[in-house]
Amino acid sequence: MVLSGAELSKKIKESTKEEISALKAEGITPALRCVVSSADRSTDVYLNSIKKNCEKLGIDFAKVVTDGEHIIEDVKKLNDDKKISGIMIMHPVPQGVNEIAVLESLNPLKDVEGRTPQNLGKVLLGVESFTPCTAQAVMELLDYYKVDLKGANVTIVGRSTTVGKPLSLMMLSKDATVTVCHSKTRDLKEKTKNADVLIAAVGKAKMFDAEWVKEGAVVIDVGINVVNGKVVGDVDFESVSQKASVSKVPGGVGSVTSAILMRNVVKAAQLNNQ
Ligand code: NAP
């Protein structure tokens, strides 16, 4: 089976659009601000896609360009601006700037990417919060395809703060048995081959082929890699889809992630206007 994110992301966007209409009827327009503090080609590509999604749904979008010296001050101004619902701090910040200190300055109720220590702490505690969008997208995609995580052996390859780490906690709270792997993991293949559910979040094109995967497993490909101008995942789709269910790249986790981000901006608009 191929796990596509298309239907799920469409569903999320449709309900988000309805929420936006309801807010607009009350005179509230959800507004997203993306704080850019360093020049980066992949940030520009990402920003353009967020802008397009915002425009389609009727969310007010703008980029706020700043620098390492003023970033915290600018984030605080956005925190205080009642018209702004959600704030994203684009990665990377300039060298020498403490990114955690910047995230600490962000109002958790406007943290639509779930990156602040407060929101990440709530993921640990299992309390409702803004969760990191990609980890949330993996959970919702699995839920959409009715993949039962209870007691399942889940192997996550990748331990970033935005994907692997929060996802491991979210999986644990669904009663999965979770193994988190990284670049120093020994016998990685043994761990991936044991997985009922394998999450590939490494950033290495087509790293996992059929040899790495158990027959009948569910494989979620989080990776986004550009090879010869084409976007490919961390999973060799042709090979793995012969023996396991696998999500598409593009059109899998990524499409659900962007829909969840839009939903979070609307949720932030609701929370900040109570
Ligand atoms: P990251 O911060 O670079 O983390 C990569 C992780 O992979 C690290 O934990 C690293 O281990 C591990 N790793 C690297 N090489 C490895 C190897 N040979 N064997 C085992 N583990 C290895 O990346 P990220 O931000 O989590 O993103 C991962 C991928 O997902 C990227 O392709 C990114 O573009 C994509 N992504 C997609 C979405 C989406 O919405 N679909 C969102 C975010 C990211 P160490 O910790 O030991 O270095």
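Student: Is Arg263 buried, partly exposed or exposed?
Tutor: This is a predicted model: local features need pLDDT of at least 70, side-chain atom pairs count only at pLDDT 80 or more, and totals for chains, interfaces and linings use all residues. Residues are numbered from 1 along each chain as its sequence is written, and side-chain values use heavy atoms, with hydrogens and water left out. Buried means under 20% relative accessible area, exposed over 50%, partly exposed in between (1.4 Å probe, protein chains only). Arg263 has 27% relative accessibility, so it counts as partly exposed.

Student: Which residue meets the side chain of Arg263 in a salt bridge?
Tutor: A salt bridge needs a side-chain nitrogen of Lys or Arg within 4 Å of a carboxyl oxygen of Asp or Glu. Here the N to O distance is 2.6 Å. The pair links helix H10, which holds Arg263, to helix H6, 123 residues apart; helices (H or I, at least four residues) and strands (E, at least two) are DSSP runs, numbered from the N terminus. The partner is Glu140.

Student: Is Glu140 buried or exposed?
Tutor: Its relative accessibility is 16%. Therefore Glu140 counts as buried.

Student: How do H1 and H6 stand to each other?
Tutor: Helix H1 (residues 6–25) and helix H6 (residues 133–144) pack with their axes 10 Å apart, at an angle of about 110°. Axes are lines fitted to C-alpha atoms, for helices over the stretch in contact, and angles run from 0 to 180 degrees between N-to-C directions. Angles under 35 degrees count as roughly parallel, over 145 as roughly antiparallel, 65 to 115 as roughly perpendicular and the rest as oblique. H1 and H6 are therefore roughly perpendicular.

Student: Which residues of H6 make the contact with H1?
Tutor: Contact means heavy atoms within 4.5 Å. From H1 come Glu7, Leu8, Lys11 and Ile12. From H6 come Glu140, Leu141 and Tyr144.

Student: Which residue forms a salt bridge with Glu14?
Tutor: The closest N and O atoms are 3.9 Å apart. Both partners lie in helix H1, 4 residues apart, about one turn of the helix. Glu14 is partly exposed at 44% relative accessible area. Its partner is Lys10.

Student: How many salt bridges are there in the whole structure?
Tutor: Another of these pairs is Asp196 with Lys214, at 2.7 Å, N to O. A search of the whole structure gives a total of 9.
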